[in-house]
Amino acid sequence: MNIFKEIFGRIWALWGLVLFVVTMLIVFPFYLPCFMLAKGPAAAWHRNVCAVWMRFYLFFIGCSFKVRNAELFEAGKNYVVVCNHNSLMDVPITTPFMPRPNKTIAKKSFSYIPFFGWIYSLGSVLVDRKNERQRRESYEKMKEVLHIGLDMLIYPEGTRNRTGEPLKSFYDGAFKLSVDTGRPVMPALIFNTGKVLPVNKSFFLWPAKMEMHFLPPVTAQGMPARELKDKIFKYMWEYYKDNQSKLL
């Protein structure tokens, strides 16, 4: 059975790659209006195009995706959304299926991939973590994202979680951003993306049911960023442990 799974997973990965490239080239022209729109409307247009593309793509690779508790996003408020990070599948599904237009913090290195890199850049605040000046600039850009009324999605673990635990330790940046801007933190947890694109396998794709759950937002209320970080970490860890087995 394991041999069959390994063989099928790699054949399916080839199908997934071909489908991704073909559909990306088809939808690419639909992103062009982003050049002519202001930043907020451009983010909304980008999200809508991505949502159509990803619904089609997920269906044809045998995956489903469900969002729970989207009603927690209140009209007139925007949030620093913090999300766990288990797989390369996380970014393609978070941007389009967030309840509202948003930007995601993302690695600058992916922006150099032809065609995909341009689409990726439109929905992201790019950061080169090895460059201190660019890290400072990206922080100011995230403030601007919140200032114009978009939600800002951050993966506080920094890189994909390879530990086998529900979460790995968080960096301070997302929580400092919340304190500095006065925006609440909206915790989000993604389930089963690590089954679809496992972090410990190369060129492997597996159909699975994925979900993204939003948790009630938390305001800093005078807390320093580090205390807020610790509170959110515990909150997300406990929710993940309580719900993971229900989604296997």
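**Setting up.** I am working on a predicted model, where local features need pLDDT of at least 70, side-chain atom pairs count only at pLDDT 80 or more, and totals for chains, interfaces and linings use all residues. Residues are numbered from 1 along each chain as its sequence is written, and side-chain values use heavy atoms, with hydrogens and water left out.

I looked up the strand order first. Seven strands make an open sheet, ordered 1-7-6-2-5-3-4, with mixed pairing. I took strands (E, at least two residues) and helices (H or I, at least four residues) as DSSP runs, numbered from the N terminus. I counted two strands as paired if DSSP finds at least two bridges between them. Strand 1 (64-68) and strand 4 (124-127) are the edges, each pairing on one side only. On average, neighbouring strands are turned by 20° against each other, direction ignored. For such angles I used lines fitted to C-alpha atoms, for helices over the stretch in contact; angles run from 0 to 180 degrees between N-to-C directions.

**Strand pairs.** I then checked the partners of strand 2 (residues 80-83). Strand 2 pairs with strand 6 (residues 185-191) in the parallel sense, over four bridges. There, valine 82 stands opposite proline 187. Strand 2 also runs parallel to strand 5, joined by three bridges. Valine 81 has leucine 153 of strand 5 as its bridge partner. Strand 5 is joined in parallel to strand 3 (residues 102-107) as well, again by three bridges. In that pair, asparagine 102 faces aspartate 151.

**Side chains of strand 5.** Which way do the residues of strand 5 point? Asp151 and Leu153 point one way, Met152 and Ile154 the other, and all are buried. Buried means under 20% relative accessible area (1.4 Å probe, protein chains only), exposed over 50%, and partly exposed in between. In a regular strand, side chains alternate between the two faces of the sheet.

**Helix 6.** Next I traced helix 6 (residues 173-181). Helix 6 packs on the sheet and touches strand 2, strand 5 (151-154) and strand 6. Contact here means heavy atoms within 4.5 Å. The direction of helix 6 makes about 165° with that of strand 2.

**Helix 6 and helix 8.** The axes of helix 6 and helix 8 (residues 225-243) come within 8 Å and cross at roughly 120°. The two helices are therefore oblique to each other. Angles under 35 degrees count as roughly parallel, over 145 as roughly antiparallel, 65 to 115 as roughly perpendicular and the rest as oblique. Helix 6 contributes Phe175, Lys176, Ser178 and Val179 to the contact, and helix 8 contributes Ala225, Leu228, Lys229 and Ile232.
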